[in-house]
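Subject: Handover of a structure and the findings from it

Dear colleague,

Please find below the structure that I am handing over to you.

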Amino acid sequence: MLLRSLKLHIIQCGFAPVVLQVSRTCSNMPLSDTHQSPDNAVSGKQVKSERKLVVPSNSRFIYPEFLPDPKMEWRNSLREKLERLDMIQRRKHIDIPEFYVGSILAVTSSNQHAPNKATRFVGICIQRLGCGLRANITLRNVIKHVGTEIKYQLYDPTIQKIEVLRLEKRLDDELLYLRDAPNEYSTFDENMEAEYLPEGTPVPVNTTLVKLKPRPWRARWERKNMKGLADLELEERFYKRAEELATPWEKYDLMKQYRRTIPEEEQKEIFAEVCSELHEVEVMRKKLKRKKVFVKPTRSS
């Protein structure tokens, strides 16, 4: 019997009777959603909600190379996507730590002409340019009273190791004026040991004011509005000319700023994708580091 009960009701209308059939639900019909089985309820409780990864607010300063070139003629979404995947894969093989312009780095790279097939260069980062796989850094050091600079492609496969010996920032985004400064501002020991900061400590800012040598210089530094330079001690005519060539109104040009930057919505989308991958790499690297540090205890005799 499919139906448990059946009732017929006849309603007398004006011309012909109308038969209404009222029945109860079949015994094999599925229950409503409100009456779920206890097994389904238990399984629903066991499902864990995925944690949303919070993207750090300073990601565009830590990973500036992941942002594409803002020039529209250079934009290509497919190329940018493939480059980000290549950069993440490269970071799985080499640890590229957090650093800024003004930090002191040590880069070890392959060199087939070196006795041990590798060279290590220590210097201060004076410039960080490029985006994607074309990102590069310039290190400067004074070796045997000669100013030496080396430009490294950040994702060059010949780079074996990047170490941060001193993590700090400077007042300017570029330190190219160190080329016109005395050697003492760019001299660092090749055997310098790393200085570690406690976890969670903000990156210190080095407020040293650099005193330049007398002119001539490699650039018109009085026109660059550099914050890390001491008094240049120039004649008044140099400063007047700098004021004539200054363009203070550009900071109010919103369209110019828009063309020079990536929209904030696109930045969040890019870093949400990148940080999720880099977080897994960082967790795996920390686990490997713990395994190396751990020493199995031995029973004393």
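Please note that the model is predicted.

Overall layout

Counted in this way, the protein chain contains 6 helices and 7 strands. Read from the N terminus on, their order is β-β-α-α-α-β-β-β-β-β-α-α-α. The protein chain has 301 residues, of which 29% count as buried. Among the contacts with a separation of 6 or more, 61% are between residues 24 or more positions apart.

The nonpolar core

The largest nonpolar core comprises 52 residues, and Phe66, Leu178 and Leu212 have the most contacts inside it. Two or more residues of this core come from each of helix 3 (77-93), strand 3 (104-110), strand 4, strand 5, strand 7 (159-166) and helix 6 (264-293). As for leucine 178, residues up to four places away in sequence being left out, it touches Ile124, Ile126, Arg140, Tyr185, Ser186 and Val210.

Buried residues in the strands

Which strand holds isoleucine 104? Isoleucine 104 is part of strand 3, and its relative accessible area is 0%, so it is buried. Beyond its neighbours within four places in sequence, isoleucine 104 is in contact with Val122, Gly123, Ile124, Glu163, Val164, Leu165, Arg166, Phe188 and Met192.

Leucine 165 belongs to strand 7. Because its relative accessibility is 1%, leucine 165 counts as buried. Its contacts, residues up to four places away in sequence not being counted, are Ile104, Ala106, Arg120, Val122, Met192, Glu193, Ala194 and Glu195. Between the C-alpha atoms of leucine 165 and valine 122, which are 43 residues apart along the chain, the separation is 8.8 Å.

Threonine 108 also has its place in strand 3. Is threonine 108 buried or exposed? Buried means under 20% relative accessible area; threonine 108 has 14%, and therefore it is buried. Residues up to four places away in sequence aside, threonine 108 touches Ala118, Thr119, Arg120, Thr158, Ile159, Gln160, Lys161 and Glu163.

Asparagine 136 lies in strand 5 and counts as buried because its relative accessibility is 11%. A polar atom of its side chain lies 3.2 Å from the backbone oxygen of arginine 134. With residues up to four places away in sequence not counted, asparagine 136 touches Gln127, Arg128, Leu129, Gly130, Lys151, Tyr152, Gln153 and Leu154.

Pocket and cavity

Rolling a probe the size of a water molecule over the atoms shows where empty space is left. The second largest pocket holds about 1,200 Å³ of space. It is lined by 32 residues, and those closest to its centre are Arg60, Phe61, Pro64, Leu67 and Arg128. Helix 2 (59-62), strand 4 (118-129) and strand 5 (136-143) each contribute at least two residues to this lining. Sorted by class, the lining of the second largest pocket has 16 nonpolar, 4 polar and 12 charged residues.

How many cavities of 30 Å³ or more are there? The count comes to 1 cavity. The largest cavity has a volume of about 90 Å³. Its lining consists of 13 residues, and Leu67, Pro68, Glu80, Glu83 and Gly132 lie nearest its centre. By class, 5 of the lining residues of the largest cavity are nonpolar, 1 is polar and 7 are charged.

Backbone details in the loops

Proline 216 is located in the loop between strand 7 and helix 4 (236-245).

Asparagine 225 lies in the loop between strand 7 and helix 4. It has a positive phi of about 55 degrees although it is not a glycine. Its relative accessibility is 69%, so asparagine 225 counts as exposed.

Histidine 145 is in the loop between strand 5 and strand 6 (146-153). Histidine 145, which is not a glycine, has a positive phi of about 65 degrees. With a relative accessibility of 74%, it therefore counts as exposed.

Yours sincerely

Technical notes:
Residues numbered from 1 in each chain as written. Predicted model: local features only at pLDDT ≥ 70, side-chain atom pairs only at ≥ 80, totals over all residues. Heavy atoms only, no water. 1 Å grid on protein atoms, 1.4 Å probe; cavity = no way out; pocket = protein on both sides within 12 Å on 5 of 7 lines; lining within 4 Å. Points joined across faces, edges and corners; volume = space filled by probe spheres on them. Helix = DSSP H or I, 4+ residues; strand = E, 2+ residues; numbered from the N terminus. Nonpolar A, V, L, I, M, F, W, Y, C, P; charged D, E, K, R; others polar. Core = buried A, V, L, I, M, F, W, Y, C linked by side-chain atoms within 4.5 Å. Buried < 20%, exposed > 50% of the residue type's maximum accessible area, 1.4 Å probe, protein only. Contact = heavy atoms within 4.5 Å. Polar contact = N/O pair within 3.5 Å; in protein donor to acceptor, adjacent residues only side chain to side chain.
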